[in-house]
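Reader: I would like to go through the labels used for this protein and hear what stands behind each one.

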Amino acid sequence: MASVLYAASSVAASCRNPSCCRFPRLSSTSSVTFARRRFAVRAAETDTNEVKPTAPDKAPAEGSSINQLLGIKGASKETNKWKIRLQLTKPVTWAPLVWGVVCGAAASGNFHWNVEDVAKSIVCMIMSGPCLTGYTQTINDWYDREIDAINEPYRPIPSGAISESEVITQIWVLLLGGLGIGGLLDVWAGHDFPIIFYLAVGGSLLSYIYSAPPLKLKQNGWIGNFALGSSYISLPWWAGQALFGTLTLDVVVLTLLYSIAGLGIAIVNDFKSIEGDRALGLQSLPVAFGVDAAKWICVGSIDITQLSVAGYLAASGKLYYALALLGLTIPQVVLQFQYLLKDPIKYDVKYQASAQPFLVLGLLVTALATSH
């Protein structure tokens, strides 16, 4: 939902990393033709609407069809329109949102392994993952088309593999589908106040202002990455907990604090985009502080957040949960020294694949602790 998408980062968890009813027209104010056009970008240029990027005619020989379906770096060029649409939604980013719903359901203390509760949770996962995260990723790719033309020119939009009208249609279908499911879940849960629908609206709005001008939160590394992290961690958790129980203030605060770890996850995604971010004036943390400083900010936000939550659980008399969370944090620290701190640009994907499972399991431990 980000986001509920959301969002968000996350985050995601590592995407950019970690989800409103009426939006301004999403299409560019000027006609931009991407196919077979050369372009130049000045380092000082900050207005992305002035850049006219074009992708080369051929995808890299080493492009992977699996990467294409997952929507990650190194994808092969595809002509099948449905595969292209799937690529734009970046299915690899759905997992944190789906897991967030699981954590929220666990935190509610009211989830039961029966057909109805399982069905509710699956529908909530569809809302959070394919619909609203898919919406978030598609709209992000639309507003990032100039940056992608520099960093990943073979992505569907800069390469011209999908038309402007098709992208806009996909954005609206995913958005309205996610909001509609949110409203349906409120009716199904018997809510007097449509809390899940409003969480979906809020997450969708956050996704829009994260990617789109004039606010474009992602231009600021601190604000943008925290917005991404909160929508990938907090929003699906809130939706899952509201679906099966009551969303309380202490849980809202705890999950927002946990989103600081999502900020760190979002920074991991920024390392691969340094060239394009710098060229187009986006102040991601690696651009603003340099790679060396940014990688320490990244690991610090991830580790300190989890250690702080473990301390909170221990102080609350939930020692075994605290020890479990601590045990899941230690492997992440080891992997950070092995990959991320060694070379965050070369090993970003490898670090995410190896470390993220420990972080998301830690989220579930925290959720279970709050339910008791």
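**Labels and their grounds**

Author: Start with Phe111, which counts as partly exposed at 21% relative accessibility. The model is a predicted one.

Reader: Why is Phe111 called partly exposed?

Author: Buried requires under 20% and exposed requires over 50%. Phe111 has 21% relative accessibility, so the label is partly exposed.

Reader: What makes Phe244 buried?

Author: The cut-off for buried is under 20% relative accessible area. Phe244 has 6%, therefore Phe244 is buried.

Reader: How many aromatic pairs does the whole structure hold?

Author: A search finds 8 aromatic pairs.

Reader: Why is the pair of Phe111 and Phe244 called edge-to-face?

Author: Rings pair if their centres lie within 6.5 Å, and planes over 60 degrees apart count as edge-to-face. The ring centres of Phe111 and Phe244 are 5.2 Å apart and the planes stand at 85°, so this pair is edge-to-face. Phe111 sits in the loop between α3 (94-108) and α4 (115-143), while Phe244 belongs to helix α9 (residues 221-244); 133 residues separate the two. Ring pairs also link Phe111, Trp113 and Phe244 into a cluster.

Reader: What makes Trp222 and Phe289 an edge-to-face pair?

Author: Their ring centres lie 6.0 Å apart, against a limit of 6.5 Å. Their planes are at 75°, so the pair is edge-to-face, the cut-off being over 60 degrees. Trp222 is in helix α9 and Phe289 in helix α12 (residues 285-289), so the pair ties together parts 67 residues apart in sequence. Trp222, at 42% relative accessibility, counts as partly exposed, and Phe289, at 43%, also counts as partly exposed.

Reader: How do you know that the charged end of Arg145 sits over the ring of Trp142?

Author: The distance limit is within 6 Å of the ring centre, and the charge must also lie within 35 degrees of the ring normal. The charged end of Arg145 is 4.1 Å from the centre of the Trp142 ring and sits over that ring. The charged end of Arg85 likewise sits over the ring of Trp82, 5.8 Å from its centre.

Reader: Which cysteines are buried, and on what grounds?

Author: Among them are Cys131, which counts as buried at 11% relative accessibility, and Cys298, which is buried at 0%. Both calls rest on the cut-off of under 20%. The structure holds 0 disulfides.

Reader: What makes helix α10 mostly covered?

Author: Of the 22 residues in α10, 16 are buried. Helix α10 covers residues 249-270 and bends by about 25° at Ile260.

Note on methods. Residues numbered from 1 in each chain as written. Predicted model: local features only at pLDDT ≥ 70, side-chain atom pairs only at ≥ 80, totals over all residues. Heavy atoms only, no water. Helix = DSSP H or I, 4+ residues; strand = E, 2+ residues; numbered from the N terminus. Expected span 1.5 Å × (residues − 1). Bend = angle between axes of the 7 residues up to and from the residue. Buried < 20%, exposed > 50% of the residue type's maximum accessible area, 1.4 Å probe, protein only. Disulfide = S-S within 2.5 Å. Phe/Tyr/Trp six-rings, centres within 6.5 Å; stacked < 30°, edge-to-face > 60°.
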